[in-house]
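Visitor: Hi, could you walk me through this one? I'd like to go piece by piece.
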There are 2 protein chains.
Amino acid sequence: MAAGSTNETTKPSSKLEHGIRADLAEGRLAVDRRLPSERELAERYGTTRITLREALSHLEMDGLIYRENRKGWFVSDRRLVYNPLWRTDFQRMTREQQRQASTELIEAVSAVGPDAICELLETLPGTEFWRIRRRRRVDGRLVVFVEHHLSKSVFTDILEQDLAGSLTSLYRERYAIEYGDVFFEINPIALTGMPAAELHCSDGTFGLQIVRVNRDQTGRILDCDVEYWRHDAVSIRIDTRESVR
Amino acid sequence: MAAGSTNETTKPSSKLEHGIRADLAEGRLAVDRRLPSERELAERYGTTRITLREALSHLEMDGLIYRENRKGWFVSDRRLVYNPLWRTDFQRMTREQQRQASTELIEAVSAVGPDAICELLETLPGTEFWRIRRRRRVDGRLVVFVEHHLSKSVFTDILEQDLAGSLTSLYRERYAIEYGDVFFEINPIALTGMPAAELHCSDGTFGLQIVRVNRDQTGRILDCDVEYWRHDAVSIRIDTRESVR
DNA sequence: TCACACATCTGGTCTATACCAATGAGGTGA
DNA sequence: TCACCTCATTGGTATAGACCAGATGTGTGA
């Protein structure tokens, strides 16, 4: 719902920003979801690129538009509703929201876990894990980069499986593992380095980091996911009336 | 833990940003948590204010520093760990983290709920609620602006109570109400209008909106909070092994 | 027909300068 | 002693112009 309350905005920041907002809302701007070039926009609104970019950044932070590194500005679609407590796989979750998801495997290797990960997974520093990096799209748009760290002892032969599909299903079907308790953490951060590169956004773009530690039905720690979301693409929702799915 | 994984950053953005990062880390910069003026910093690093501000914005998004509208840049403290499922009151929650909280009442009036709020509270559009606006500080810093919408029929005389204290305690002690189910939603947004003004941040600063609908032990809807957080001040954490406190 | 090199456009970054408005410190007067 | 006013400083915003590097499209040559 993105509760609009209390946003009457005394000082509308700038006419420019509002002009663009209106033009966006009424479809006068985006052609096929992509905005005209910054130079063209600056000219059209009679301002300089710097000022124009200031206004676009505001709209970006507000989740109305987003940037693809060196490609341009695009109009954001509605947010994907995401509940980190759900054990539904990504495909099904998006399907239930009438949206289409796809997953791309970036790499799957054995690697030493960073100290922070080892601590979360309650192992000694320097422990090796299967490190699976993937990225996901919703309706064609790249929205999240995920790094999984899996216990090597639990998932001995996982590299031989299809890792572009659902890990949830794999756990259940191949290893007869059901999810149990979950711990997760949500942090607003700046996307940099690999997450930024993989999501095709410029270094320093605002994003949401979700770290999750999954256990099985017996309480054994299975893995840890670190997700980096484009901030305008997601809305976290949790309802305690729903049982964990 | 703010998992540092995957942030090796191929291209370190700019020397400037890294210089400031290092100077911050080693205490060469912030005097009493406030950075020198932008003009002084620009001169010190041999650059212009615009470029300097770009770098500062990156650090701001990364949660290292924050801005107070027209006052300057300040060094961020550690994030407050926040679990929207806890029913602990704010005071106790902060105390458990060795931090000190304070709450200021901004207003408490009867007001028509915005459509989005009425929908969440499952009432007809145009329904009146008690609207309580408050802001909270942690260790002296303004970190969150909260707007409560309370059922007028449940809390008939709440305006006569002390509204700068804990509503949780008030519910329990005055109305013998215990919390039951909760629904909440977390959205990364730009802070504008009243939330921005009350938090003393400039219009368009990045923030976290948390909308929460509380029910009592019988399932009756009690109220709805809309919280606007300074993004660098909070880390959301949920662990299903903890029972709801 | 297809792969590759090149020219062009676009965003990313930067310099230099300027004015406005809010803030806050200091001084003034009651 | 305290309220008020003044003014220097600071952040917020803007103009104008420039260069670089990645992305894209085009045309050439095999």
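Guide: Happy to. Let's begin in chain B, where strand β8 (residues 205-216) pairs with strand β9 (residues 221-230) in the antiparallel sense, over nine bridges. Strands pair here if DSSP finds at least two bridges between them. Helices (H or I, at least four residues) and strands (E, at least two) are DSSP runs, numbered from the N terminus.

Visitor: Which residue stands opposite B:Asp223 of β9(B)?
Guide: That is B:Asn214.

Visitor: Before I go on, where do the coordinates and numbering come from?
Guide: This is a predicted model, in which local features need pLDDT of at least 70 and side-chain atom pairs count only at pLDDT 80 or more, while totals for chains, interfaces and linings use all residues. Residues are numbered from 1 along each chain as its sequence is written, and chains are lettered from A and ligands numbered from 1 in the order in which they are written.

Visitor: Thanks. What order do the strands take in the sheet with β8(B) and β9(B)?
Guide: That open sheet of eight strands runs β3(A)-β10(A)-β7(B)-β8(B)-β9(B)-β6(B)-β5(B)-β4(B), with mixed pairing. At its edges stand β3 (80-82) of chain A and β4 (101-112) of chain B; each has a single partner strand, so one side of each is left without a neighbour in the sheet. Neighbouring strands are turned by 20 degrees against each other on average, direction ignored. Axes for such angles are lines fitted to C-alpha atoms, for helices over the stretch in contact, and angles run from 0 to 180 degrees between N-to-C directions.

Visitor: How many bridges join β3(B) to β10(B)?
Guide: Three, and the two strands run parallel, with β10 covering residues 234-239 of chain B. One pair to look at is B:Tyr82 with its bridge partner B:Ile236 in β10(B).

Visitor: Switching to helices: how do α1(A) and α3(A) cross?
Guide: The axes of α1 (residues 15-25) and α3 (residues 49-61) of chain A come within 9 Å and cross at roughly 55 degrees. That makes α1(A) oblique to α3(A), given that under 35 degrees counts as roughly parallel, over 145 as roughly antiparallel, 65 to 115 as roughly perpendicular and the rest as oblique.

Visitor: Who makes the contact?
Guide: From α1(A), A:Leu16, A:Glu17, A:Ile20 and A:Arg21; from α3(A), A:Thr51, A:Ala55, A:His58 and A:Leu59. Contact requires C-beta atoms, placed from the backbone, to lie within 7 Å.

Visitor: Is A:Arg70 buried or exposed?
Guide: Exposed, with 7 other C-beta atoms within 10 Å. A residue is buried with 20 or more such atoms within 10 Å of its own C-beta, exposed with 12 or fewer, and partly exposed in between, C-beta atoms being placed from the backbone.

Visitor: What about B:Asp139?
Guide: B:Asp139 also isn't a glycine, and its phi is positive at about 50 degrees. Its loop lies between β5 (128-138) and β6 (141-151) of chain B, and B:Asp139 is partly exposed, with 15 other C-beta atoms within 10 Å.

Definitions and conventions. Contact = placed C-beta atoms within 7 Å.
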